[in-house]
Amino acid sequence: MTDFPTFTQINGIDIEDSFAEAFPMTATRLIITAEDRYWALRAAEAMTGFATSVIACGCEASIERELSQAQSPDGRPAIAVLVFSISSKELEKQVVRRVGQCVLTCPSTSVFAGMTGEKQIALGSKLRYFGDGFQISKVIGGRRFWRVPVMDGEFVCEAQTARTSAIGGGNFLVLSESLSGALRACETAMDAMRQLTNVIMPFPGGVARSGSKVGSKYKWLTASTNHVYCPTLRPITASRLPPGVGAALEVVIDGLTEADVARAMRVGIKAACEAGTRYGLRRVTAGNYGGKLGQYHFHLKDILA
Amino acid sequence: MSSLTLTLRADLDQQRMDLHGIVPDRVLPLSVGDLAKLPISVSGRACPLAEVFEISDGQRDRLVLRGALASADRVGGGMREGLLIVESSVGHRLADRMSGGELCVCGDAGHYASAQQRGGLVTISGNVGDFCAAAPPNSRRGMQGGQCLVEGSAGQFLAYRMRRGTVVIGGNVAEGCAASMVAGTVVLFGEFPFPLAVGMRRGTVIVVGADKPPMHVGFTPLESIELSYLPLLFDSLRTKLTADQMRLLTEAETYRALGDRASGGLGEVLWLAEQQQT
């Protein structure tokens, strides 16, 4: 194993002198409301399903947080979701498809823009055609809503939502003696990070086990397993796993700003490390591509300073 | 220190005048000297503002108009932002082409109030004349945006061919209410004569009361319904209506009739059935 420098320790756990490499994206926030929390959550979960990576899903999306009644546009239980994509065109396509298939279909729901701004993408202005001419437009407080008749009443959907420039691909890797230990450390990190706003962790449970590198021995494949972090390949590759490490997991973060991503990384790493010795956590590092692909570099040394 | 105030000279209170453009976004940045020279139309001829109003300089946070302004037309005309307070009744065509800001009239307004309003908030503490928020002659469109809140009553043809925006009438309305309405929202707390919303194309008329309203033959029967957009609408009015009015809106059972089907319309009349206090 090649020895990579560490610059500090937190709670006895080595922090590697490395950085996460992240990419520019565009994002929007939607607010889904429903008759009760159960249905709002079902719609939000369905809408953000199969949205772990832009590599093959078209977008990265997840639930950001639950909103209080005072924050809810119509006073009903409300869930905020964030959707990230690589272009405004792709973002609009994904938002319209996902809201159309997963929220419009879910009983009692309504959808509202969760952010304001000059850059807009279509939402209800495209979905309204489902109303087959019976849809009704309503402008309230300068915002246009579409009321689409459905079998349980009306689906209320804001005509447009704003989008903003954002950052995708912030990350850190948790290297632990065992898989169970790595899982527990990540779960602890996720519990802390889910309290934050403006960020999502789009992979299942917020964690990816299939960290990838760019390219492959197969020419048609754009990304493949990051073999230097695979414990089963340690004897035959230039492994980056220290001795005694049996599993590595990656927490991936998308955020609306650099500060949001950095804050989430800091909170997650500190939470993992504070609980880490119980779970055999040995080292924390970050994933990058040598700094050549992504314009945003989150150095652990700076983030944890 | 009081705000910049224009007081109509007593000898001019019978003259018809046009106050389009005497609005905060245009007047407040001017010096008193420039303001004095600002031309306004009195009985069809241009006069310097100082010949018609006494100018009392003050804080530039709002513009106040005083005097017997019942003959002043197009008050608030062209207003885009700021606060204009009129301590009097006003003439016709209030808020003509107003697109933003807040206009408060402490008194009555004449005909065609808010008829060409495009945005902003107009509040009238008294009554309004005919064709409030309605299409004026030679126009196909009535009010096109913003909110107009009237504490008193409204004359004939309220919201005739109204295109967008919200009108709230605290008192009674006369014949022709919401006739040929194209879109927008009208809220009626008082009484209205039959028929209502004849020829309505789209939009929403909300009537509040204990008694089931008689509906024009072109409308479907009133049926009980839950509408999830109503909290959004009521929330937009929350700070502008009285607590009693908000209670009537939010605690009522909702019934809806669609029409006017006789003219192919898909508007809605909502009856918010006032709950009897036990």
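Over all chains, the count comes to 30 salt bridges, a salt bridge being a side-chain nitrogen of Lys or Arg within 4 Å of a carboxyl oxygen of Asp or Glu. This is a predicted model, in which local features need pLDDT of at least 70 and side-chain atom pairs count only at pLDDT 80 or more, while totals for chains, interfaces and linings use all residues. Residues are numbered from 1 along each chain as its sequence is written, chains are lettered from A and ligands numbered from 1 in the order in which they are written, and side-chain values use heavy atoms, with hydrogens and water left out.

Reader: What is the area buried between chain B and chain A?

Author: Contact means heavy atoms within 4.5 Å, and 16 residues of chain B are in contact with 17 residues of chain A. Buried area is the accessible area (1.4 Å probe) that two parts lose on being put together, summed over both. Carbon and sulfur atoms give 57% of the area here, and the total is about 1,300 Å².

Reader: Which residue of chain B meets A:E154 in a salt bridge?

Author: Between chain B and chain A the count is two salt bridges. A:R147, A:E154, B:R256 and B:E268 are linked in a network of salt bridges. Within it, the side chain of A:E154 pairs at 3.6 Å, N to O, with that of B:R256.

Reader: Where is B:Q147 found, and with which side chain does the side chain of B:Q147 make a polar contact?

Author: B:Q147 is found in strand β11 (residues 144-150) of chain B, strands (E, at least two residues) and helices (H or I, at least four) being DSSP runs numbered from the N terminus. B:Q147 counts as buried because its relative accessibility is 11%, where buried means under 20% relative accessible area, exposed over 50% and partly exposed in between (1.4 Å probe, protein chains only). A polar contact is a pair of N or O atoms within 3.5 Å; within protein, one must be able to donate a hydrogen and the other to accept it, and residues adjacent in sequence count only if both atoms are side-chain atoms. At 2.6 Å, the partner side chain is that of B:K240.

Reader: By what are A:E45 and A:R42 separated in helix α1 of chain A?

Author: A:E45 forms a salt bridge with A:R42, the closest N and O atoms being 3.1 Å apart. A:E45 counts as partly exposed at 38% relative accessibility, and A:R42 as partly exposed at 28%. Because they are three residues apart in helix α1 (residues 37-47), A:E45 and A:R42 are separated by about one helical turn.

Reader: How many residues apart in sequence are the parts that B:R66 and B:E87 tie together?

Author: B:R66 forms a salt bridge with B:E87, with the closest N and O atoms 2.5 Å apart. B:R66 lies in strand β6 (residues 59-66) of chain B and B:E87 in the loop between β8 (83-86) and β9 (102-105), so the pair ties together parts separated in sequence by 21 residues.
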